[in-house]
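Trainee: I have a structure open and would like to learn how to read it. Could you walk me through some of its features?

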Amino acid sequence: MTFVDEVKNAVTPRAALLVIGVLGLQLLFIASYVGALHKPKPTDVAFGVVAPQQVSRQLVAELDGLPGGPLDPRTVGSAAEAREQIVNREIDGALIVSPEGRTDTLLVASGGGTVLSGSLERILAEVTASQQRALRTVDVAPASPEDFDGLSSFYLVVGWCVGGYLCASILAISAGTKPANRQRAAIRTAVMAVYGIAGGIGGAVIIGPILGALPGSVWGLAGLGALVVFAVGMTTLALEALTGIVGIGLAVLIIVIAGNPSAGGAFPLPMLPDFWRAIGPALPPGAGTWVARSIAYFRGNAVTGPLLVLSAWAVVGTALTLLLSMRHRAEGTPGGTRTTGTPTGPGAGGSTAT
């Protein structure tokens, strides 16, 4: 047997295609993470301006015209309203211009990402300095001292996502990547639900009471974790039921390659390039990170949309998993075959495959 023949025997066409697919995922991983995170800069950050009427319009226009368009400024009626909008996650910061003195106040929320709040401080410090005014910063929703750069929420959600697609992959691979029947699909769904609850509670307890990395409701975070794990797990099961083992790669593509760098974890959404900023809120890591930060630092505000996103992934994944399982016959007739007619003896042709 020649060397070429040995290679053909050792590497099947299916294995070769899978290796090529893995190479593609590897290159996409590099392109996605580096593309999203190599040059973060604030763009169109929702920003409030509280100033006397005679200077408000001019100041908004000046901030709107800053080089690179870092801010999306709008007039806010009062300092109290600006604080409320920040806590409600409608804006990311606000400048309160003193009508009498020469010291203005910058409101930020480092709980939404310390990199973003630091960028706002630098931008506004330059603006006020050019006007010969001083600036003091007030953190309306400060990040926990145990939450470096506000990353704990992101890493918590990443852990939940990893658990979701790994558990789903194990469930599918252990007995073939396509559900053999509706009963098996239902069992896998139930297992994912129980696993999601366990993973949600475990993650919330670790990051809260044990490590003290995040404040906020432990049970609120636990509920979020259960939803994230279940949504990712059922999406993975649906992709595996649809495409076989390739579904695991598709889950990695959606959750890890596209979802993680666009989640607003390392850099909040206003600091990401347009493409990643657009897709992040629609994917489980981004929606989960937003809700986790809201629970920890923003009194649970502005979570309806992201929770609906996570619920949609969970519902669609579950529905596809169960519907695709209906294509398969009972466990005793693999490959979708059934026997009709009664053979009358050896060689009788009374069976047909359907």
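Mentor: Let us begin with Ser294, which sits in helix α11 (residues 284-297); helices (H or I, at least four residues) and strands (E, at least two) are DSSP runs, numbered from the N terminus. This is a predicted model, where local features need pLDDT of at least 70 and side-chain atom pairs count only at pLDDT 80 or more, while totals for chains, interfaces and linings use all residues. Residues are numbered from 1 along each chain as its sequence is written, and side-chain values use heavy atoms, leaving out hydrogens and water.

Trainee: Is Ser294 buried or exposed?

Mentor: Buried means under 20% relative accessible area, exposed over 50%, and partly exposed in between (1.4 Å probe, protein chains only). Ser294 counts as buried because its relative accessibility is 0%. Contact means heavy atoms within 4.5 Å; leaving out residues up to four places away in sequence, Ser294 touches Arg89, Arg299, Gly300, Asn301, Ala302 and Val303.

Trainee: Why does the length of helix α7 agree with its number of residues?

Mentor: The expected span of a helix is 1.5 Å times one less than its number of residues. Helix α7 (residues 182-210) has 29 residues, so α7 should span 42 Å, and the 40 Å between its end C-alpha atoms agrees.

Trainee: Which residues of α7 are buried?

Mentor: Among them are Arg184, Ala185, Arg188, Thr189 and Met192. An α-helix has 3.6 residues a turn, so residues three or four places apart point the same way. The cover over the buried residues of α7 includes α6 (152-173), α8 (218-243) and α12 (304-325).

Trainee: How do α8 and α9 cross?

Mentor: Axes are lines fitted to C-alpha atoms, for helices over the stretch in contact, and angles run from 0 to 180 degrees between N-to-C directions. The axes of α8 and helix α9 (residues 246-259) come within 7 Å and cross at roughly 140°. Angles under 35 degrees count as roughly parallel, over 145 as roughly antiparallel, 65 to 115 as roughly perpendicular and the rest as oblique; α8 and α9 are therefore oblique to each other. Their contact includes Val232 and Leu239 of α8 and Ile248 and Ile255 of α9.
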